[in-house]
Amino acid sequence: MVTYTPPGWPAGVHPPGSEDFESTAVGWLLDVVPPDYRLHGVLRRYPVALAAMARYHSRACVEGARQGYRTARTELAGTLPPHAIDTVLAAYRKEGARLAATARAVGLIERALRGEVFTPKMSPTTTAQPRTAQPRTAEPGTAEPGTAEPGTAQPRTAEPGTAEPGTAQPQTARPQEANPRTAKAAAPKAAAPKMGDPEDGQPAARAGTARTGARAGTAVRPRAERQRTARQREAT
């Protein structure tokens with residue numbers, strides 16, 4: 001029967017549940033604790049107690065190595081040369097990693113002595129495939145959300161007399177009806193004919209005499225007609 005051993009299981013210790021598991025575990029734990037622990041027969045009769053003592057001892061060793069690493073440079077400054085201090089720090093790092101691994105292995109053995117059964121962790125058989133986004137096609141007459149439907153903007157024509165909002169409609173001046181009262185004031189006054197100068201004003205003088213003659217003729221004719229009618233009445 002093949003028994004599963006978790007990662008970090010110490011070498012030389014048989015798998016949990018096997019025939020020689022307990023004896024090999026006790027021998028390995030006695031190597032972890034100080035040598036004087038072998039003098040106590042109770043630890044051999046009860047391996048769980050030995051595992052608990054080994055757990056505390058291994059954790060204390062890890063904590064001591066960390067504390068010594070943090071204070072080594074200040075404590076050894078002036079006593080050791082700088083290159084020797086660097087070598088001490090390297091030793092702390094190496095032994096600290098070994099002590100941490102030992103502390104984890106002690107924890108696994110203690111759990112197995114207490115009856116815990118280790119089972120391998122199931123890895124997922126199916127891997128999540130990346131999802132590819134498929135292009136969506138919009139149905140005729142509907143627009144996709146967030147996308148503007150292609151189209152051509154039709155020019156809007158404003159009705160007569162109305163202007164679209166935001167656009168200034170050109171204004172055309174309407175012909176104003178002539179007001180008889182205001183027409184005279186608005187109409188430009190005709191310049192009165194000027195009397196011509198003696199040198200170049202002969203046409204102007206002739207026009208003036210023609211106008212006065214016409215006025216005189218219109219005034220004489222009615223008088224002559226009235227005199228004729230008066231004579232005819234006296235004759236009768």
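The protein chain has 6 helices and 0 strands; helices (H or I, at least four residues) and strands (E, at least two) are DSSP runs, numbered from the N terminus. Along the sequence, the pattern reads α-α-α-α-α-α. This is a predicted model, in which local features need pLDDT of at least 70 and side-chain atom pairs count only at pLDDT 80 or more, while totals for chains, interfaces and linings use all residues. Residues are numbered from 1 along each chain as its sequence is written, and side-chain values use heavy atoms, with hydrogens and water left out.

**The chain as a whole**

Of the 236 residues in the protein chain, 19% are buried. Here, buried means under 20% relative accessible area, exposed means over 50%, and partly exposed lies in between (1.4 Å probe, protein chains only). The accessible surface of the protein chain comes to about 20100 Å², and 55% of this surface belongs to carbon and sulfur atoms. Such areas come from the Shrake-Rupley method with a 1.4 Å probe; for residues, only the protein chains shown count as cover. A contact means heavy atoms within 4.5 Å. Among contacts between residues at least 6 apart in sequence, 46% join residues at least 24 apart.

The table sets out the spans of two helices. The expected span of a helix is 1.5 Å times one less than its number of residues.

| Helix | Residues in helix | First to last C-alpha | Expected span |
|---|---|---|---|
| H1 | 12 residues | 17 Å | 16 Å |
| H4 | 32 residues | 47 Å | 46 Å |

In H1, the span is close to the expected value, and the span of H4 is likewise close to its expected value. Just after H4, Gly115 takes a positive phi of about 100°.

Which residues of H1 are buried? They are Phe21, Thr24, Ala25, Val26, Trp28, Leu29, Leu30 and Val32. The cover over these buried residues includes helix H2 (41-45), helix H3 (47-76) and helix H4 (82-113).

**The nonpolar core**

A nonpolar core is a set of buried Ala, Val, Leu, Ile, Met, Phe, Trp, Tyr and Cys residues joined through side-chain atoms within 4.5 Å. The largest nonpolar core has 21 residues, and those with the most contacts inside it are Trp9, Val13, Phe21, Trp28, Leu29, Leu50 and Ile109. H1, H3 and H4 each supply at least two residues of this core, and H1 gives the most, with 7 residues. In soluble globular proteins, nonpolar side chains tend to be buried together.

Not counting residues up to four places away in sequence, Leu29 touches Pro47, Leu50, Ala51, Ala54, Val106, Ile109 and Leu113.

Val106 lies in helix H4 and is buried, with a relative accessible area of 0%. Leaving out residues up to four places away in sequence, Val106 touches Trp28, Leu29, Val32, Ala51, Ala54, Arg55 and Ser58. Val106 and Ala52 are 54 residues apart in sequence, yet their C-alpha atoms are 8.6 Å apart in space.

Thr102 is also found in helix H4. Its relative accessible area of 19% makes Thr102 buried. Apart from neighbours within four places in sequence, Thr102 is in contact with Trp28 and Val32.

Asp86 is a further residue of helix H4. Is Asp86 buried or partly exposed? With a relative accessible area of 39%, Asp86 is partly exposed. Its C-alpha atom is separated by 9.3 Å from that of Ala72, a residue 14 places away along the chain.

**Aromatic rings**

Rings of Phe, Tyr and Trp (its six-membered ring) pair if their centres lie within 6.5 Å; planes under 30 degrees apart count as stacked, over 60 as edge-to-face and the rest as tilted. The structure holds 2 aromatic pairs. Trp9 and Phe118 form an edge-to-face pair, with 6.3 Å centre to centre and 70° between the planes. This pair links distant parts of the chain, for Trp9 is in the segment before H1 and Phe118 is in the loop between H4 and helix H5 (180-186), 109 residues apart. Trp9 is buried at a relative accessible area of 14%, and Phe118 is buried at 11%. Ring pairs link Trp9, Phe21 and Phe118 into a cluster.

A charge sits over a ring if NZ of Lys or CZ of Arg is within 6 Å of the ring centre and within 35 degrees of the ring normal. The charged end of Arg55 sits in this way over the ring of Tyr56, 4.7 Å from the ring centre.
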